[in-house]
Amino acid sequence: MVGTSQDIKEITIAFDVMGSDHGPEEVVRGAAQLSLEAPHIHALLVGDRDAIDGVLAETKHRAERISVQHASEFITMEEKPGEALARKKNASVLVAAQLVADGEAHALVSAGNTGACVLACARFFQLIPGVRRAALAAVYPTRGTRGEKEDPFSLILDVGATVEATAEDLVTFAVMGSAYARIISRNERPKVALLSNGVEPQKGPPRVVEAHARLSTMPGVNFVGNVEGVDIPKGTVDVIVTDGFMGNVCLKMLEGVHDTVVELAQYAYKEKLRWRAGLAMLSSGIQRIKDITDWEQYGGAPVLGFDRIFIKAHGRSKARAITNAGKVAAKAVAHQLGTAIQEGLPR
């Protein structure tokens with residue numbers, strides 16, 4: 001089953017409760033809040049039943065919208081994904097992925113070990129016909145906004161699932177990213193670009209040049225050409241397409257810049273009174289920027305290319321991010337993301 005009918009009255013999301021940086025507490029609390037906010041979503045919590053029940057007992061929730069599937073093991077962030085999955089047959093992410101594959105749930109959400117999540121999906125899900133390799137996407141804040149929701153986030157893919165991508169893969173990533181941005185950000189014509197070392201069509205390695213030529217002939221994708229690294233934070237486009245190696249480097253760089261800016265602001269606050277006064281004067285504007293670019297409002301990012309929906313939440317996700325990740329997953333199911341991707345692929 002690639003797409004899921006929009007006629008579904010209740011969408012079931014399987015949550016891999018174990019393995020995040022905060023343990024099961026924040027994931028369960030996020031699912032509990034989801035049960036209060038979204039009457040059309042049922043949360044299937046997969047993990048240690050005693051731990052889940054303990055958190056639920058202390059958290060307000062709608063019991064009829066939550067169920068629990070016990071899983072006796074889980075994968076930690078430090079473990080090597082392949083080895084851990086081979087050793088832990090009853091790991092929560094494996095159990096959750098199989099529940100989705102078997103039709104017990106419509107989508108999977110996890111804040112656990114990314115590599116283990118992707119491998120679990122690859123084990124139980126099928127690639128959409130026409131897709132050769134899946135792509136891990138990421139959202140990041142930009143200067144520009146887009147879509148009906150004035151979304152301040154752009155999408156970049158791949159960021160680690162396919163380290164060496166062919167021209168065919170890059171074209172597929174463009175189609176998948178465009179479909180996702182259209183559905184989740186309500187952006188009817190998302191701008192899609194290839195990441196390269198120049199804006200000219202002939203710039204970049206052969207696979208990028210070939211992908212540029214192919215995308216230029218595809219009316220279903222609003223392809224605007226190449227962008228350079230400087231365009232990433234500007235939000236020049238809505239979807240940036242690259243291979244998993246370069247995408248991961250860019251993502252880590254963005255995270256590093258964010259952390260450095262925060263540390264410099266903290267240093268300035270401590271060092272000099274006039275710097276402290278200046279930061280105080282800018283506090284309302286800084287708070288506004290934080291609110292606009294708060295990644296927790298987005299919840300998570302997808303692994304695209306499989307016939308089931310998987311949303312990967314950040315390992316540091318608190319309850320609010322988990323709640324929003326569940327909403328994103330349900331939206332992708334309701335709008336038949338898989339079908340939209342398949343229809344956009346070259347014949």
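Biologist: Which elements do the buried residues of helix 2 pack against?
Modeller: This is a predicted model, by the way. Helix 2 covers residues 49–57, and its buried residues include Ile-52. Those buried residues pack against helix 1 (24–37), strand 2 (41–47) and strand 3 (66–70).

Biologist: Within what arc do the buried residues of helix 2 fall, seen down its axis?
Modeller: Ile-52, Val-55 and Leu-56 are the buried ones here. An α-helix has 3.6 residues a turn, so residues three or four places apart point the same way. The buried residues of helix 2 line one face, because seen down the axis they fall within an arc of 100°.

Biologist: And which residues are exposed on the other side of helix 2?
Modeller: One face is taken by the buried residues. Over on the other side, the exposed residues are Asp-50 and Ala-57.

Biologist: How far from the sulfur of Cys-121 is the nearest cysteine sulfur?
Modeller: Searching the whole structure turns up zero disulfides. Cys-121 is in none, and a disulfide would need sulfur atoms within 2.5 Å. The nearest cysteine sulfur belongs to Cys-117, and its distance is 6.8 Å.

Biologist: Is Cys-121 buried or exposed?
Modeller: The cut-off for buried is under 20% relative accessible area. Cys-121 has 0% relative accessibility, so it counts as buried.

Biologist: What about Val-163: how much accessible area does its nonpolar surface patch have together?
Modeller: Val-163 sits in the loop between strand 6 (151–157) and helix 6 (167–184). Its relative accessibility is 45%, so Val-163 counts as partly exposed. With Phe-245, Met-246 and Val-249 it forms a nonpolar patch on the surface, whose accessible area together is about 360 Å².

Technical notes
Residues numbered from 1 in each chain as written. Predicted model: local features only at pLDDT ≥ 70, side-chain atom pairs only at ≥ 80, totals over all residues. Heavy atoms only, no water. Patch = residues over 30% accessible without salt bridge, like charges linked within 9 Å, V, L, I, M, F, W, Y side chains within 5 Å. Areas by Shrake-Rupley, 256 points an atom, 1.4 Å probe, with all protein chains shown as cover. Salt bridge = Lys/Arg side-chain N within 4 Å of Asp/Glu carboxyl O. Helix = DSSP H or I, 4+ residues; strand = E, 2+ residues; numbered from the N terminus. Buried < 20%, exposed > 50% of the residue type's maximum accessible area, 1.4 Å probe, protein only. Arc of directions from axis to C-beta. Contact = heavy atoms within 4.5 Å.
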